[in-house]
Amino acid sequence: MLDHISGDLEGVLIEHSTDVIVLPISGMPELVSIKHREANRSGDASWSWSALRKDSVLKDLYDAWCASGRSCTVAFWSNNGFSGTAHEIWRVCTGKITPTATLIAKLSSAIGASASESQIFLRHLHLPELPLPRRNEISDVGIRRMAKYLESKGRSARFAEYSYTALIRAIGEAGTQLPESRSGIAKPLSATIRDDLKNRPTIEGYLSASALRNIILFEADRQAASGLNRTPSRSFREDSLFTGRSRELAQIRELLRPGDADVVAPVVIHGLAGIGKTSLASQFAACEQETLRPIFVDGSNKASLLESLAVVSGVPASVPMSGEFGISKTEIPPIVESSATLLIIDGVTDAKIIRGVIPRKSLTRIIITSTAPYVDEGFQYVALEAWTQEESKSFVAKALPMKLADSIDELLEYLAGHPLALNQAVNYCNSSHISLSEYISRLKSQSLELLSRGEASKHPISAAKAILLALDAIDATDRHAGSLIRILSFVGAEPIPISLFTGEPMRPWVTNGREKLRLKKFPWQKDRLPNWGGCADDETGWNSRIALWDDLQRDESVTALCNYGLGRVDGGHLVVHPLVQLIVREATKDKVPWIESAIGLLAAMMPMEHHNAEVVPMYRYTGHIRSAVRFALAENLTGPAVVFSAVSVCDELLNLGDVEGAVTLATEIRRVCKKLIHLGFVTPPAFFKISQTLANALAYKGVREEALNVAMENISIVLHHYPNDLTSKMRAYADLGRIACRLHDASLAEMALNRLPDPTSEDPQTAEVQTWTRLMTAHIKFRILLLLNKEEEASQINLWSLEKISEWDISGDPNSISAAIYGDAAALALHRNDAPDRILHQKAVVEQLANSLGHSVIYAENVLELADSYLDEGNVPEAIPLLEEAELFLSTIPAGSNLLKSKYLSCRGRMRLLSCQLGDNGLYQARQDMVHALELMEGMPNAAPLPATLLHLARTYSLMGDEKQALEIANRALQLDLARYGPDHSETRIDKQVISIIPYEAMVARRFMRMNRKA
């Protein structure tokens, strides 16, 4: 076996009817019978013809050959030679003579076959040139051959006896399972053994050549590893508090292949400081220490690494030698080549430390822990991220007594699954005997000081200290990288596109400036820019932003951040852990320059006036803008860039369905500006816009009186300061009408309608009003009229609007007021139950928005409206791709954006309902979608789609045969529509119609299901 293991052998199968099946890489398998023979009384130990017949050697081989379908060769191995007729057979098999007729006759008699069959068998019979070693010599010969084999593979011959013993043990273990009969497993396997092994690679008794080589070489490596020197001892025991990381452990195991004697590439575990890199490497070492002998060395600097490797290898770390020009050279200690050794190099921060020291492939299993995401192109990488919410909770539950673990969720909001920080927090609470809520209270007021305290096992420094050391190192090597991390610390925790830095730098007005305002013009009158504001006195942030505009400088800074573990790049986005942001913010004394740069960076996503096209999908980055505004307000920065950033993000939060977030932010920014307006730093027009945003948010929330108070205050501003300005009046009363429609408040709608100037008037004063304002006012007036069930008047104003869109040619307007007008036409068609007309106009809405707001929540909402329009006609095939488009869009918006998700689920549930028949299982899926949609809508006051979703759910229950539940739900929809529209509205009439058919529909469904059960 050793003679062939490196060459033509594919594997062997221990097979009891013969002894072993030898499978060459090419050619037929060979069935081998092995029998040893001792000397008889006369001293002759050779195989005679009678001895062969007595032991049925040739007969058994012939039977096995026949059982295999004659698709193999057979062989007989022994420790003795042959005599007489048996010797003649040996000479034929070794090619020395050709068989005689007499010999064939004897063979035919011995095996019970014809002469021709015996000749064929003889051609397939192999007898070795030389006998095997004698019993008392086999081990010695085997060990000598093993030594030569080990030397040929670069291993020491000293371990030949160990490798030989391991090989014998493996063969013995493979052959311990005896078959039920002497026929063994040759019959079902030998003819098709290669196919069988492909289908069943773990067949009992099979040892591949690679497995045999691995047994031999790994045992030699294991013996070599046991004799290695050790660096200062380190405990490698499985940690009872070790949490999660099963995926990463499996990944490392797959890459390093413990127990395999082939070379592998080093594995780099990378991630930010304190994320658990060393803990993961240690846990892997503990889990695999029966297979791999772990050695732990410090990789924080090259000198320490070389010294540790010298101790392990026994070779001095440096040998002064006469080099070129008389300069001494340093000799690198060799890496011990042993597949049974696990070398952990911990804390590498710079690729230069291991360059020229660690090979790209070696027998030694090497793990490198590093903050740098890239060390060498030949290495393998395992990225380590923060714990998940579940893993974090699991760790805290294991490490902290229940009586102290009272605010786990709030703690996780601050520490965001950072293992070291969580470890510190738990240890701090345990040692100080305080609860998590008390710890969080301290964290809010003294975060940097607290995160610098609290020890964590196996980590020499705190989370805060580790991050600050990395920050100091970055400042020392690349000051613009330090600037970059400071800018990123004043935005949200979500990934931020690096491409934002490629835009031309913009310096925003984050302060109020030094001079009070004298002008009081509305932005829509003449000037479109705010009339107040200034920049930070310190230009450090601004200068860094300019520097980061340069592609090469930005690349260098991003690389530096990643190398020191303060950030990582994922799909063209920079990701900074919230804990890193927190510590960098707290360590930054003057925050204003960096807040200024953060808001300037995000300015491209914040349309500052009505006619700005949406350059990027703002909805993806509301978290960043909201965070930047929050930090700005905390530093008393209330310039126009801060104010209008807040207004923009409030509008987007409402689109996403985060009503509470929009109300909170709008209330705060209005409170701040109310003080500033008296100081002359905020214009009445600006305050008008801020109040407009807050009133809209309050209406979404469903708080009528508060929304009305803010809207009426805006109207008073207009009447007091601009009594003759028709544009201002239109906007103020249009806001009141918008609130009435949002609240479904008929009395408020009547009041707004009575006071709203007529946008369709052709008098000279109205003609001076901007086109956009007149159409916007007409749009609100239409909605009021539809709410009040004044269909004819609504139709007239919509026809006027559609005519003006064509006449004024504003269909390409970036803000797509034309889309709103087409949407009104679709709403009117829905009111009239005219499905084809609704589809026609809703398609126009989608086309308009696709040109300007194709990546917005508003566009996605209208795609769903178009899908719903098709479902009005029962046209499911046309609705399906629209739902798929909306679903894809949903995957890109922030979590918690329930408004759009509820509309999507409602529409998908209706589609599934229309695709079902009576008693269909798909009805359960439709019901699940609608119930989920309703759960989301329950948290949204006055959610517009709520009654329609209830009605579709009632139809679902009806088709399931549940009349009682269906009527209960449908009546709830009716009560909502009665409260919104009154008894004579089309929505109310539809509700009553559905309620009238439910009893009959449910009865038919029950009968259908009973018939199916009987069938």
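The model is predicted: local features require pLDDT of at least 70 and side-chain atom pairs pLDDT 80 or more, while totals for chains, interfaces and linings use all residues. Residues are numbered from 1 along each chain as its sequence is written, and side-chain values use heavy atoms, leaving out hydrogens and water.

**Exercise 1. Helix α25**

Solution. Helices (DSSP H or I, at least four residues) and strands (DSSP E, at least two) are runs numbered from the N terminus.
- Step 1: Buried means under 20% relative accessible area, exposed over 50%, and partly exposed in between (1.4 Å probe, protein chains only). Because 10 of the 13 residues of α25 are buried, the helix is largely enclosed by the rest of the structure. Among them are H624, F631 and L633.
- Step 2: Contact means heavy atoms within 4.5 Å. The buried residues of α25 pack against β14 (496–497), α23 (578–587), α24 (592–602), α26 (640–656) and α27 (659–679).
- Step 3: After α25 comes N636, which has a positive phi near 60 degrees.

**Exercise 2. Strand β11**

Task: Identify the strands that pair with β11, and the sense of each pairing.

Solution. Two strands pair if DSSP finds at least two bridges between them.
- Step 1: Strand β8 (residues 293–298) runs parallel to β11, with six bridges. Here R293 stands opposite T341 of β11.
- Step 2: Strand β12 (residues 365–370) also pairs with β11 in the parallel sense, over five bridges. L342 has R365 of β12 as its bridge partner.
- Step 3: Of the eight residues in β11 (residues 341–348), seven are buried.

**Exercise 3. Nonpolar cores**

Task: Describe the largest nonpolar core and the contacts of Y439.

Solution. A nonpolar core is a set of buried Ala, Val, Leu, Ile, Met, Phe, Trp, Tyr and Cys residues joined through side-chain atoms within 4.5 Å.
- Step 1: The largest core has 162 residues, of which I252, I367, L415, Y439, L451 and L579 touch the most other members.
- Step 2: Leaving aside neighbours within four places in sequence, Y439 contacts L411, A425, Y428, C429, I434, L450 and L451.
- Step 3: Another core, of 57 residues, lies apart from the largest one and includes Y619, L866, C907 and Y957.
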